[in-house]
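Reader: I would like to learn how to read charged contacts and sulfur links in a model. Could we take them in turn, with the definitions stated as we go?

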Amino acid sequence: MQRFLLALVTTLGLVFAAGNAMAVTKVPAGNRNAEQPAIPGASVRRTKAGKTSFDLKYEKVRDLLATDKKLVSKIKETASRYNIDPIHMIGAIVGEHTYNVDAYDRLQSYYVKAASYAGNVFDFSYKGEKISDFVNRPQFSVCASKTDSYALWTCRDEVWQKVFQGESVDGRTYPDNRFSAVFFQPFYAGQTFGLGQINPLTALMMSDTVHEKSGYPELDENDAADVYRAIMQPDVSLAFMAAIIRKAIDDYREYADMDISGNPGITATLFNIGDSQRRARALARKNASGGRVWPEENYYGWLINDKLPELEALL
């Protein structure tokens, strides 16, 4: 009888697991939009200011990847560690360097730039209030139970949006801007760094995952210089890129019952705009009535899908 019950429980478990697996729908390859969505004005202005074009910037980063076998090898190795296809990392790098920054001519330049920040003294703060003091305010007590870095900093980001953003609290008025722009970018708002162009707040969110998967030290918001060194150092930056992409794929599977792992344009879009968990939940709500709304690529992801055969050849 015990063997029968054990077999029955095992069978039911397999059926349940199979049912869950079947519930996950694979997102079709390619773009949902026939034409590229509009490129933000800020990206257009930055590119014009640099006296270049999106086509030239794309070609420059493509050529970097085509000629730097060491970099491509590192991408493949990191992608394998996070169980993702390396094309997702290629897509994120190409998107960032086409629309946000211009690529350096060779990987060594990224190491040199990272080294140039060694010894710099700066912190994460707003008008003299350090981030460590700010998140100790009673409004953030709801986050005290969060045990991993992603949940903790996501909670703190949500508190910022609900309580502080654009509001006056305890006699101080806070900008109507993102948490990351106000507290985590001491040079100028919107600044990201390195090969992966990763935001410091995003790096803090992914710190536990990168520590677990790649063995790099956990980041501390009280050591801003160390956070910047991590996201500027190419080897470490690649690990954070992979962790962000892995999280996006997992979020869409868990919350939206969709497998986006076969569509690099979607993962590139999510790398660009962030908030994959919130976006996956919003998509799930749209599909709750039984309809079928697919995740869509933005201008950044559209390029990756459009150029996919050329980018896959780099690997």
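Author: Let us begin with a network: E129, R137, D170 and R172 are linked by salt bridges, a salt bridge being a side-chain nitrogen of Lys or Arg within 4 Å of a carboxyl oxygen of Asp or Glu. Please keep in mind that this is a predicted model, in which local features need pLDDT of at least 70 and side-chain atom pairs count only at pLDDT 80 or more, while totals for chains, interfaces and linings use all residues. Residues are numbered from 1 along each chain as its sequence is written, and side-chain values use heavy atoms, with hydrogens and water left out.

Reader: How many salt bridges does the structure hold, and how far apart are the closest N and O atoms of R137 and E129?

Author: The structure holds 13 salt bridges, and in the one between R137 and E129 the closest N and O atoms are 3.0 Å apart.

Reader: Are R137 and E129 buried or exposed?

Author: The terms rest on relative accessible area, with buried meaning under 20%, exposed over 50%, and partly exposed in between (1.4 Å probe, protein chains only). R137 is buried, because its relative accessible area is 17%, and E129 is likewise buried, because its value is 13%.

Reader: Which residue forms a salt bridge with R253, and which with D275?

Author: R253 pairs with D259, the closest N and O atoms being 3.6 Å apart; here R253 is partly exposed, at 37% relative accessible area, whereas D259 is buried, at 12%. The side chain of D275 meets that of R278 in a salt bridge of 3.1 Å, N to O, and in this pair D275 is partly exposed at 36% relative accessibility, as is R278 with a relative accessible area of 47%.

Reader: How should I read a disulfide, and which cysteines form one here?

Author: In general, a disulfide is a covalent bond between the sulfur atoms of two cysteines; in a model it is assigned to a pair of cysteine sulfur atoms within 2.5 Å. This structure holds 1 disulfide, formed by C143 and C155, whose sulfur atoms are 2.1 Å apart. The pair links distant parts of the chain, with C143 in the loop between α7 (131–134) and α8 (149–164) and C155 in helix α8, 12 residues apart; helices (H or I, at least four residues) are DSSP runs, numbered from the N terminus.

Reader: What is the handedness of the link between C143 and C155, and are both cysteines buried or exposed?

Author: The link is left-handed, with -85° about the S-S bond, and both C143 and C155 are buried.

Conventions: Helix = DSSP H or I, 4+ residues; strand = E, 2+ residues; numbered from the N terminus.
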